[in-house]
Amino acid sequence: MLPDMDGLEVTELWTQEWFALLPQSHPLAARQDLAPRDMADVPLALGVRQYNSGGHAIVEAAFEKAGVLPSVWVRAQRRSTMLILVTSGVACTFVPRAVADMNLPYTASVPFEAPALRIVA
């Protein structure tokens, strides 16, 4: 059990690390891991802030903490749109391990330096 504000207790359901999802042919796809500074000039497809459940906010906070301005090329409402942009080779995005483990065609998943996505109830 993890204590939370106002005496509310929450249970952590799962934790997932972040991965940069890149087109398979991208020069960074062969790296062992990536940090925000590595992704500074990479065109990114990120979630629309008001529809985002907090996932990409974690990634964007990692860029801010590193003093790096991400190159957000497009904001999409649906993850499927972001994935299509990556498989088409026009942008990169960030996904939790469960999506990275799907081994989507024409993509490469590289561990990304950001705080883990924690799902709690």
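Me: Why is D38 called partly exposed?

Reply: D38 has a relative accessible area of 22%, and since buried means under 20%, exposed over 50% and partly exposed in between (1.4 Å probe, protein chains only), D38 counts as partly exposed. R31, at 35% relative accessibility, is partly exposed by that rule. This is a predicted model, in which local features need pLDDT of at least 70 and side-chain atom pairs count only at pLDDT 80 or more, while totals for chains, interfaces and linings use all residues. Residues are numbered from 1 along each chain as its sequence is written, and side-chain values use heavy atoms, with hydrogens and water left out.

Me: What makes the contact between D38 and R31 a salt bridge?

Reply: A salt bridge requires a side-chain nitrogen of Lys or Arg within 4 Å of a carboxyl oxygen of Asp or Glu; the N to O distance for D38 and R31 is 3.4 Å, so the pair meets that definition.

Me: How do you know that E60 is buried or exposed?

Reply: The relative accessible area of E60 is 13%, so E60 is buried, whereas its salt-bridge partner R75 is partly exposed at 28%. Their side chains meet at 2.8 Å, N to O.
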